[in-house]
Amino acid sequence: MFALDKLSLCEGEKGLPHVYNTDKQHLCIYHRPSEEWNASHKITEIIPWISEWFYYYENWLVTAKWLGGGIHRGKKE
């Protein structure tokens, strides 16, 4: 899933948190290797995950801390 509008960054940050690619704004809403979501799932199952990502993104803009957890950039947060 990709964000269509340009997302803001926190002051002093060079990239978005918890994304596969900052330039493409490819949101990390599931862990690909663990196959949390695949083609057998309905798209409606992933919409709440997208909403949750944006909830944590908005908090990150204010606090500069990603509180959404998950595995990110090769390390567990």
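Of the 77 residues in the protein chain, 29% are buried. Buried means under 20% relative accessible area, exposed means over 50%, and partly exposed lies in between, with a 1.4 Å probe and protein chains only. This is a predicted model: local features need pLDDT of at least 70, side-chain atom pairs count only at pLDDT 80 or more, and totals for chains, interfaces and linings use all residues. Residues are numbered from 1 along each chain as its sequence is written, and side-chain values use heavy atoms, with hydrogens and water left out.

The protein chain exposes about 5600 Å². Carbon and sulfur atoms supply 53% of that area. Accessible areas come from the Shrake-Rupley method with a 1.4 Å probe; for residues, only the protein chains shown count as cover.

**Fold and dimensions**

Read from the N terminus, the order is β-β-α-β-β. The radius of gyration is 13 Å, close to the 11 Å from the globule rule for 77 residues, so the protein chain is as compact as a globular protein of that length. That radius is taken over C-alpha atoms, and the rule is 2.2 Å times the number of residues to the power 0.38. Helices (H or I, at least four residues) and strands (E, at least two) are DSSP runs, numbered from the N terminus. Along its principal axes, the C-alpha trace spans about 40 × 25 × 20 Å.

Contact means heavy atoms within 4.5 Å. Among contacts in the protein chain with a separation of 6 or more, 49% join residues 24 or more positions apart.

The protein chain carries 9 positive and 10 negative side chains. The centres of the two sets lie 5 Å apart. Lys and Arg count as positive, Asp and Glu as negative; His and the chain ends are not counted. Each charge is placed at NZ of Lys, CZ of Arg, CG of Asp or CD of Glu.

**Aromatic rings**

The structure holds eight aromatic pairs. One of them, Phe 54 with Tyr 57, is edge-to-face, at 6.2 Å centre to centre and 85 degrees between the planes. Rings of Phe, Tyr and Trp (its six-membered ring) pair if their centres lie within 6.5 Å; planes under 30 degrees apart are stacked, over 60 edge-to-face, and the rest tilted. Both residues sit in helix 1 (residues 47–63), three residues apart, about one turn of the helix. Phe 54 is partly exposed at 27% relative accessibility, whereas Tyr 57 is buried at 3%. Ring pairs link Trp 53, Phe 54, Tyr 55, Tyr 56, Tyr 57, Trp 60 and Trp 66 into a cluster.

**Positive phi**

Most residues other than glycine have a negative phi.

| Residue | Phi | Relative accessibility |
|---|---|---|
| His 18 | near 50 degrees | 8% |
| Gln 25 | near 55 degrees | 4% |

His 18 lies in the segment before strand 1 (19–21). Gln 25 lies in the loop between strand 1 and strand 2 (26–27).

What does His 26 touch, not counting residues up to four places away in sequence? The partners are Met 1, Phe 2, Val 19, Tyr 20, Asn 21 and Arg 32. His 26 is in strand 2 and is buried, with a relative accessible area of 14%.

Lys 6 and Gln 25 are 19 residues apart in sequence and 8.0 Å apart in space, C-alpha to C-alpha. Lys 6 lies in the segment before strand 1 and is exposed at 69% relative accessibility, whereas Gln 25 is buried.
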